[in-house]
Amino acid sequence: MNEEIRLTQFAKHGGCAAKIGPDTLSRVLGRLPKFSDPDLIVGFETSDDAAVYKITDDVAVIQTLDFFTPVADDPYTFGQVAAANALSDVYAMGGEPKIALNIVCFPGDLDPDILGEILRGGAEKVREAGAVLVGGHSIQDDEPKYGLSVAGLVHPDRVYKNFGCEKGDVLILTKQLGSGIVNTAVKAQLASEESEREVIRVMTTLNKKAKETAADFTVHACTDVTGFGLLGHCSEMADAGGAVIELGVEGIAFMHGAKEYAEMGLIPGGAYRNQKHVSRLLDTGDVSEVYVDLLSDPQTSGGLLFAVPENEAEDLLRAFERADLGTKVSVVGRVLESGTDKPGIRLCDKVEIK
Amino acid sequence: MKEVDARGLSCPEPVMLTEEAMKSEAGAIRVLVTEPHQKMNVEKCVWDHGRNCTSTETEDGFAVVIEPKK
């Protein structure tokens with residue numbers, strides 16, 4: 001295989017940073033005809049992570065699709081990240097992945113062994129998830145792209161939705177933030193080895209253990225934090241539930257070097273788009289600007305964000321610690337109000353939890 | 001004035017070129033970029049080096065003029 005090839009150089013935008021901006025999306029999707037079906041539990045009205053359709057009183061199917069351009073130079077790693085990211089949408093709905101199909105775009109003039117490695121990385125993650133990989137679809141394209149369409153199962157009463165957070169809930173995030181910024185620093189060849197290793201470890205970690213651990217607790221709302229950044233995904237949670245969310249920046253776990261790289265201006269364009277999208281909801285208080293950049297950083301294969309009742313938060317944190325997720329879990333904030341007609345997000349230095 | 005033409009380039013290239021230019025040039029530097037977020041990233045890079053700058057809109061983007069090193 002040609003070792004000189006750096007996959008990320010084929011990509012104008014890497015990973016979830018390649019997502020079309022939320023403003024553009026809502027404008028375009030708003031023009032589509034509305035579909036309704038009594039058995040459709042989750043559709044796209046609430047910008048959730050996947051579609052959920054009830055088959056029987058005990059079984060619902062979760063259907064999702066996710067793919068993107070290279071975020072890592074190593075094809076095997078890229079395959080792992082893309083698959084972990086696609087599988088995550090099923091976990092974010094509270095389900096278990098069952099069937100996966102590859103979706104592939106690949107340049108005709110590139111060594112096919114590179115594609116083989118991408119697919120091997122993806123297949124390994126599907127196996128780790130306990131699902132089966134059964135083919136897929138591939139086309140020629142100048143820019144390589146890879147991902148999965150995943151079907152999963154969930155009990156209809158135990159579907160995690162991105163809305164429903166309640167006043168007093170604690171918001172817990174299961175992975176440290178910073179992948180968009182650190183990947184930009186990697187691309188600029190300014191990232192430390194430690195940061196580069198960390199971002200790959202975080203992006204390739206499945207959200208399987210996090211979801212399984214939370215299954216024993218009350219979860220009012222859940223989403224995975226990806227291209228819209230923590231602020232963007234919190235704004236969806238706030239909007240959908242009329243919630244006022246307070247985020248305490250000092251308690252949030254960030255990747256090594258992320259703050260330093262943000263201060264150097266190594267910020268993906270998607271972060272600025274995300275900031276613009278949440279600006280009508282956001283009160284940044286006295287918090288330093290670099291945190292706004294960090295919280296709007298588009299995440300690739302980010303963690304699960306759980307809204308849980310305050311009296312269960314400590315126990316859930318301990319359970320995550322015992323489960324040894326391999327990532328940094330942190331309390332990112334809390335829900336100050338819910339069911340209001342004035343949703344919002346406030347930033348502060350620290351949130352107090354009883 | 002030294003000029004860095006980063007128009008049409010995508011992130012993080014404008015920041016990388018600005019970094020490089022500031023290392024070798026203590027005098028004023030003009031950096032040209034296309035997108036608003038690139039202007040903001042270049043400004044952050046400049047401030048991170050303890051230098052100041054002024055940005056203006058141009059016909060096809062933005063010009064960030066970095067003041068000489070103090």
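This is a predicted model: local features need pLDDT of at least 70, side-chain atom pairs count only at pLDDT 80 or more; totals for chains, interfaces and linings use all residues.
Chain A is divided by the domain assignment into domain 1, which covers residues 7-158, and domain 2, which covers residues 170-348. The C-alpha centres of domain 1 of chain A and domain 2 of chain A are placed 20 Å apart, and contact between them involves 32 residues of domain 1 of chain A and 27 residues of domain 2 of chain A. The size of an interface is often given as the accessible area that is lost when the parts come together. For domain 1 of chain A and domain 2 of chain A, this buried area is about 2500 Å², with 57% of it on carbon and sulfur atoms.

On the side of domain 1 of chain A that touches domain 2 of chain A, at least two residues are supplied by each of helix H1 (22-29), helix H2 (75-92) and helix H3 (112-129) of chain A. The largest share of that side, amounting to 10 residues, is provided by H2(A). When the residues of this side of domain 1 of chain A are sorted by class, 14 are nonpolar, 11 are polar and seven are charged.

Attention now turns to the contact between the chains. Here 14 residues of chain A are in contact with 12 residues of chain B, and the two chains bury about 1100 Å² between them, of which 60% lies on carbon and sulfur atoms. Of the area that chain A buries against chain B, 40% is supplied by Met264(A), Gly265(A) and Tyr272(A), which is more than any other three residues supply. Two salt bridges are found across the interface of chain A and chain B; one salt bridge is formed by Lys44(B) with Glu289(A), where the closest N and O atoms are 3.7 Å apart. Five residue pairs in polar contact, again with both residues at pLDDT 80 or more, are also found across the interface of chain A and chain B. Helix H4 (179-187), helix H8 (258-263), helix H9 (269-278) and helix H10 (289-296) of chain A each contribute at least two residues to the side of chain A that touches chain B, and this side is made up of six nonpolar, three polar and five charged residues.

The last part concerns strands. In general, the strands of a sheet pair through backbone hydrogen bonds, in either a parallel or an antiparallel sense. Strand E1 (residues 40-42) of chain A pairs with strand E2 (residues 51-54) of chain A in the antiparallel sense over two bridges, with Val42(A) standing opposite Val52(A) in E2(A). Antiparallel pairing also joins E2(A) to strand E3 (residues 60-68) of chain A, over four bridges, and in E3(A) the bridge partner of Val52(A) is Ile62(A). E2(A) and E3(A) form a hairpin in which five residues lie between the two strands.

Chain A also contains an open sheet of seven strands with mixed pairing, in the order E8-E11-E7-E12-E9-E13-E10. The edge strands of this sheet are strand E8 (221-224) and strand E10 (282-283) of chain A, each of which pairs on one side only. E8(A) pairs with strand E11 (residues 304-308) of chain A in the antiparallel sense over four bridges, and Cys222(A) has Phe306(A) in E11(A) as its bridge partner.

Notes. Residues are numbered from 1 along each chain as its sequence is written. Chains are lettered from A and ligands numbered from 1 in the order in which they are written. Side-chain values use heavy atoms; hydrogens and water are left out. Domain bounds come from an automatic or database domain assignment. Contact means heavy atoms within 4.5 Å. Buried area is the accessible area (1.4 Å probe) that two parts lose on being put together, summed over both. Ala, Val, Leu, Ile, Met, Phe, Trp, Tyr, Cys and Pro count as nonpolar, Asp, Glu, Lys and Arg as charged, and the others, Gly among them, as polar. A salt bridge is a side-chain nitrogen of Lys or Arg within 4 Å of a carboxyl oxygen of Asp or Glu. A polar contact is a pair of N or O atoms within 3.5 Å; within protein, one must be able to donate a hydrogen and the other to accept it, and residues adjacent in sequence count only if both atoms are side-chain atoms. Two strands pair if DSSP finds at least two bridges between them.
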